[in-house]
Amino acid sequence: MNLQACLLLSSGLFCVGLYGLLTRRNAIGILLSIEVMANAANLNFVAFSRYSGAGYGQVFALFVLALTVAEVAVGLALVMALFRSHRDALVELASAFRH
Amino acid sequence: MAETILFYIFAIGVLFAGAQVVLRRNPVHGALSLVACFFFLAGTYVLLAAHLIAILQIMVYAGAVMVLFVFVIMLLNLKDEELGTPRRTIWKGIGLVSVVGATGAVAWRGLGSAYDSVLAHGAATQLTDMAKHTLPGAPFGSLKAVAHAVYLNSVLPFELTSLLLLVAVVGAVVVAKGKI
């Protein structure tokens, strides 16, 4: 187990999330994929923090945690608004929010 | 040696659960797979000696965030007929090929000797710089070390994070409620 293994795992997880982000049409599925990608970035922060010996990467990981919590709260509120107006959670319906 | 075996078990679990998140059509199955993914990730954090991050990962992500997700999914009550039939378009195949290709390219080009030289080059200056800010007697990843880094050296980002959470809460209420 070394830094390269962690980075490889993280890049694989990020690409899995990216695939989900590009293929899902359901807004909840897209939010789940964004969670996967954020956690891949978090793993990178922790791994670099571990192997460079400086503890600041963990602080970044904590901030990413707070950031994703805020993103999920706002994103799920948008899903609720979308579902209330269209009875569905497909993202292409959200273009009606422009007006 | 045991650490390496555990890391590969956790890595396979993370990737498998992540793939389940992406591939399952039912959002409840996806959310529960994401919980499994977070638990495996917490295991890798423990192997990386980041115990506080691992505990927070389980408490905040697998606890709070996923409860919020499942709550909204249940509230919306998405039926199978509303999910539509699975479509196998050519674009999904193209996306799969490009994702696998991108991962392979990153693994092949980026993870060779590049990071080794970066770390060897930058670690010497960084470590002496950071050593001034770390407490003696607080091992790496402990609560004391992380708290010292957060509350003494990153106070302004920490306060800005609280402001961000406040804005997110107000925004979520405004968006979800419709009429105030």
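Chain A gives 63 residues to the contact with chain B, and chain B gives 79 residues in return. The model is a predicted one. The size of an interface is often stated as the accessible area lost when the parts come together. For chain A and chain B the buried area is about 6,300 Å². Carbon and sulfur atoms give 79% of that area.

Polar links across the interface can be counted too. Between chain A and chain B there are zero salt bridges. Eight residue pairs are in polar contact between the two chains, with both residues at pLDDT 80 or more. On the side of chain A that touches chain B, three helices each supply at least two residues: α1 (3–23), α2 (27–52) and α3 (56–86). The largest share of that side comes from α3(A), with 24 residues. By class, the side of chain A that touches chain B holds 42 nonpolar, 15 polar and six charged residues.

Now turn to chain B itself. Its secondary structure comes to eight helices and zero strands. From the N terminus on, the order of elements in chain B is α-α-α-α-α-α-α-α. Chain B has 180 residues, and buried residues make up 32% of them. Take the contacts in chain B between residues at least 6 apart in sequence: 53% of these join residues at least 24 apart.

Helix α7 of chain B, residues 143–153, shows where some of the burial lies. B:Val146, B:His148, B:Ala149 and B:Val150 are buried in this helix. An α-helix has 3.6 residues a turn, so residues three or four places apart point the same way. What covers the buried residues of α7(B)? The cover includes α3 of chain A. It also includes α3 (51–76) and α8 (155–177) of chain B.

B:Thr103 counts as buried because its relative accessibility is 18%, under the 20% limit. Which residues does B:Thr103 touch, leaving aside neighbours within four places in sequence? They are A:Ser11, A:Gly12 and A:Cys15. Within chain B, the C-alpha atom of B:Thr103 is separated by 35 Å from that of B:Ala172, 69 residues apart along the chain.

Aromatic rings come last. A pair of aromatic rings is described by the distance of the centres and the angle of the planes. Over all chains the count is five aromatic pairs. One of them is A:Phe45 with A:Phe60, a stacked pair with 5.3 Å centre to centre and 15° between the planes. This pair links distant parts of the chain, 15 residues apart: A:Phe45 is in helix α2 of chain A and A:Phe60 in helix α3 of chain A. A:Phe45 counts as partly exposed because its relative accessibility is 31%. A:Phe60 is also partly exposed, at 47%.

In chain B, B:Phe10 and B:Phe40 form a tilted pair, with 6.3 Å centre to centre and 50° between the planes. B:Phe10 lies in helix α1 (residues 2–23) of chain B and B:Phe40 in helix α2 (residues 27–47), so the pair ties together parts that are 30 residues apart in sequence. B:Phe40 counts as partly exposed, at 29% relative accessibility.

Conventions:
Residues are numbered from 1 along each chain as its sequence is written. Chains are lettered from A and ligands numbered from 1 in the order in which they are written. This is a predicted model: local features need pLDDT of at least 70, side-chain atom pairs count only at pLDDT 80 or more; totals for chains, interfaces and linings use all residues. Side-chain values use heavy atoms; hydrogens and water are left out. Contact means heavy atoms within 4.5 Å. Buried area is the accessible area (1.4 Å probe) that two parts lose on being put together, summed over both. A salt bridge is a side-chain nitrogen of Lys or Arg within 4 Å of a carboxyl oxygen of Asp or Glu. A polar contact is a pair of N or O atoms within 3.5 Å; within protein, one must be able to donate a hydrogen and the other to accept it, and residues adjacent in sequence count only if both atoms are side-chain atoms. Helices (H or I, at least four residues) and strands (E, at least two) are DSSP runs, numbered from the N terminus. Ala, Val, Leu, Ile, Met, Phe, Trp, Tyr, Cys and Pro count as nonpolar, Asp, Glu, Lys and Arg as charged, and the others, Gly among them, as polar. Rings of Phe, Tyr and Trp (its six-membered ring) pair if their centres lie within 6.5 Å; planes under 30 degrees apart count as stacked, over 60 as edge-to-face and the rest as tilted. Buried means under 20% relative accessible area, exposed over 50%, partly exposed in between (1.4 Å probe, protein chains only).
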